[in-house]
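Dear colleague,

I am passing on the structure we spoke of, with notes on what was found in it. Please read the notes with the structure open beside them.

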Amino acid sequence: FWLKGVKGRRRRCCGLPAQLAYLPSAMANVSAAQLSKEQKDELLCTYAALILHDDGAEVTPQAMTNLIKATGATVESYWPMLMAKMINNIGMDALIKMGSGGGGGGGGGGGSAQAAGGFDA
């Protein structure tokens, strides 16, 4: 499993195991090297959950931990439990839809200041 970056080129991100380290260079405004240990743990669990879901496997704490360990990485033991509980309560499809929303629509047209009760003529 490898993630490809922009135009199919693989990019290595610092601090993540080789199997999860090739991320698009424009994935976020912050490089992986700038992430805290907690943020890296959350990212590893997120990828593990997405991989399991994509494969049609049940997303369990043990399955996530096994997948993360197979990459040579480790995470604090509470992360897989929290993620699996959230996924089982909300549902992976619903979580994916929540995170895939684009920017909000444009603001509505404003009424006149006089109609809004402001600015006396």
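Asparagine 88 is exposed, with a relative accessible area of 54%, where exposed means over 50%, buried under 20% and partly exposed in between, for a 1.4 Å probe and protein chains only. This is a predicted model, in which local features need pLDDT of at least 70 and side-chain atom pairs count only at pLDDT 80 or more, whereas totals for chains, interfaces and linings use all residues. Residues are numbered from 1 along each chain as its sequence is written, and side-chain values use heavy atoms, with hydrogens and water left out.

Asparagine 88 belongs to helix H3, and its C-alpha lies 8.7 Å from that of threonine 60, a residue 28 positions away in sequence. The chain has four helices and zero strands, taken as DSSP runs numbered from the N terminus, with at least four residues (H or I) for a helix and at least two (E) for a strand.

Of the 121 residues in the chain, 26% are buried. Beyond its neighbours within four places in sequence, cysteine 45 is in contact (heavy atoms within 4.5 Å) with Met64, Ile68, Val75, Trp79, Pro80 and Met83.
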